[in-house]
Amino acid sequence: MSKIVAVTACPTGVAHTIMAAEALKKIGASMGHSVEVETQGAEGAKDVLSSQAIAEADVVIIAADIHVDPSRFVGRPMHAVSTSDAIRKTKEIIETALKEAENFVAEEPTEAAATERRFIVGVTSCPTGIAHTFMAAEALRKAAQALGHEVKIETQGSVGAKNVLTDEDIARADAVVIAADAFVDTKRFSGKPLYETTTKAALREGEQVVKSALSAAPLVQQDLAGKVDALKKERSAARTGPYRHLMTGVSYMLPVVVAGGLLIALAFAFGGIYAGDHPGTFGWALMQIGGAGAFSLFVPVLGAFIAYSIAQRPGITPGLVGGMLATNVGAGFLGGIVAGFLAGYLTKFLNDKIKLPQNLQGLKPVLILPFLSTMVVGLLMIFVIGPPVKIALTALSEWLQSMQGTSALALGLLLGAMMAFDMGGPVNKAAYTFAVGLLSAKIYAPMAAVMAAGMTPPLGLALAATLFKSRFTEDEQEASKAAFVLGISFITEGAIPFAARDPFRVIPCIMLGSAVTGAISMTMKCTLMVPHGGIFVLPIPNAVTGLVPYTVAIIIGTVVTAAALFVAKKPIPQ
């Protein structure tokens, strides 16, 4: 006979909590085991487990849909499940818990290691973000402290991230542990020794997991593509505040825009410019998918993930609804941006200010926060924010559509120069976001100018390093091959390594070439329906209008960049 102690808990603490407790006691007794169960609910804990019962237990079962503090069970084998599983699969869960307990070896408290004290950061996460998430975090904290190290663990759960790691924490960390059964973005840990494992491994072998993280080696990439990728990650990690939130929204929105734009272009190819007016045809079907489907979603997706960046998962619903209302009232992408920031900061404020008992925390992300924030954001978008933003967007759209000659030339010069100025930095992203947002208003000319101007910096540098070898180092000459591939793929960051070596000559030259490209594209009224893809989208029918002058604009900008570099850079002494 085994001694089992258990805790059952659900948001209300009534139906599932009691049913899970009764199932564990009844099935456990029928299997010949002694089972003692504590229930946690809205009215507090009942049948609280004593310290003696916990100490004598062979295994601890936590059947919960909300956070249950596991700290008092440290040193005992623990098995966590949902209340529904405890009700439906009771015998299987008891057998699994006892089997795991047989292999469990309690970690004896050890003296702090005589070696250097290290700082370890980590992230724990499981699909529900409740039991295993917090239990794994507690196990890692205990294990690291037992080894004499300082530790900070971020938990990613159903109410968002808690104990969030700051940039300063990550910068001074000696190692990173990711103990997760759900997706965790590891980009911010670039360059750090990182060890990934499961929450179960963290619970069972905490000290070994910590040791593995300390011995892990960071991946170092040496080629130009690797350097560019590392630079992009570094810039992403350095983004803070509203700019980071906006870029998060844009990054999630882009696949929607790309898919929608390509589908609309194909609809034109199969059914002509009026494909959407002929129901039942293949062109009409593609227009429904791309135009009525994807393109109607990208503003809501933008708003949803701006809010997600600010308030984590609780911000998605109000951001999504706010973005959809922005589309419905005619506020477009500007309204979507406003809705996203409003939803994110409002949800974060409510999440911080609304205090509930620990066993009711599960109500916040699924009931309280979505309801309150969606209602407030929706009312503000309909009655306060939507109308003036619609007026501003309409005025902007009319001005852009009426541009001719000098005004188109000036906008092309400005957008092109911005794309090359910081090669993927805030100025570049401002121009890019402006052009992508205009796609929702069916204004496609700025997008064409922006993508063409973003391709020419690495292309111009690749051409110059190939033709004028004496002005570039051997490393730069070798890197020019990768720069060419990055350029045709519309990855402006491919120019960064060259600019970092000689910024005062390289940056003005690439700005000149990009400005010329943007100006030609705008003046020739070239349009682009897809916000990414480089030359690989050019052969797709109707993705670009004015394909020949558009290609000429890219070629001329590349040649101008190379010629300017020939004049500005002097031969390197042998």
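Two strands pair if DSSP finds at least two bridges between them. Helices (H or I, at least four residues) and strands (E, at least two) are themselves DSSP runs, numbered from the N terminus. With those terms in hand, the tour can start.

This is a predicted model, in which local features need pLDDT of at least 70, side-chain atom pairs count only at pLDDT 80 or more, and totals for chains, interfaces and linings use all residues. Residues are numbered from 1 along each chain as its sequence is written, and side-chain values use heavy atoms, with hydrogens and water left out.

Begin with the whole protein. It holds 21 helices and 12 strands. Its C-alpha atoms fill a box of roughly 85 × 65 × 40 Å, taken along the principal axes. Of its 574 residues, 51% are buried. Buried means under 20% relative accessible area, exposed means over 50%, and partly exposed lies in between (1.4 Å probe, protein chains only). Contact means heavy atoms within 4.5 Å. Among contacts with a separation of 6 or more, 71% join residues 24 or more positions apart.

Five strands form an open sheet with mixed pairing, in the order S3-S2-S1-S4-S5. Its edge strands are S3 (44-46) and S5 (78-81), each pairing on one side only. Neighbouring strands of this sheet are turned by 15° against each other on average, direction ignored. Strand S4 (residues 59-64) pairs with S5 in the parallel sense, over four bridges. Valine 60 stands opposite methionine 78 in S5. Helix H1 (residues 15-30) lies across strand S1 (3-9), strand S2 (34-41) and S4. H1 runs at about 180° to S2. For such angles, axes are lines fitted to C-alpha atoms, for helices over the stretch in contact, and values run from 0 to 180 degrees between N-to-C directions.

Another sheet follows. Five strands form this open sheet too, in the order S8-S7-S6-S9-S10, and the pairing is mixed. The edge strands are S8 (160-162) and S10, each pairing on one side only. The twist averages 15° from one strand to the next.

Look at strand S9 (residues 175-180). Six of its six residues are buried, so S9 is largely enclosed by the rest of the structure. In a regular strand the side chains alternate between the two faces of the sheet. In S9, both faces are covered. Ala175, Val177 and Ala179 are buried on one side, and Val176, Ile178 and Ala180 are buried on the other.

S9 has partners to follow. Six bridges join strand S6 (residues 119-125) to S9, and the two run parallel. Glycine 122 stands opposite valine 177 in S9. Four bridges join S9 to strand S10 (residues 194-197), again running parallel. In S10, tyrosine 195 is the bridge partner of valine 177, and glutamate 196 is the bridge partner of isoleucine 178. Helix H8 (residues 206-215) lies across S6, S9 and S10, running at about 135° to S9.

Next comes helix H10 (residues 241-271). It has 31 residues and reaches 45 Å from its first C-alpha to its last. That is close to the 45 Å expected at 1.5 Å a residue, where the expected span is 1.5 Å times one less than the number of residues. H10 bends by about 35° at methionine 253. The bend at a residue is the angle between axes fitted to the seven residues ending there and the seven starting there. Proline 255 follows within four residues. Just after H10, glycine 272 takes a positive phi of about 80°.

Turn to the nonpolar cores. A nonpolar core is a set of buried Ala, Val, Leu, Ile, Met, Phe, Trp, Tyr and Cys residues joined through side-chain atoms within 4.5 Å. The largest has 78 residues, and Phe298, Tyr432, Met447, Leu528 and Tyr550 touch the most other members. Not counting residues up to four places away in sequence, methionine 447 touches Tyr432, Ala435, Val436, Leu439, Leu528, Val530 and Pro531. A second, separate core of 19 residues includes Leu461, Ala479, Ile496 and Ala499.

Not counting residues up to four places away in sequence, asparagine 428 touches Met418, Met419, Asp422, Met423 and Thr492. Leaving aside its neighbours within four places in sequence, serine 514 is in contact with Gly416, Ala417, Ala420, Ala453, Thr456, Pro457 and Thr561.
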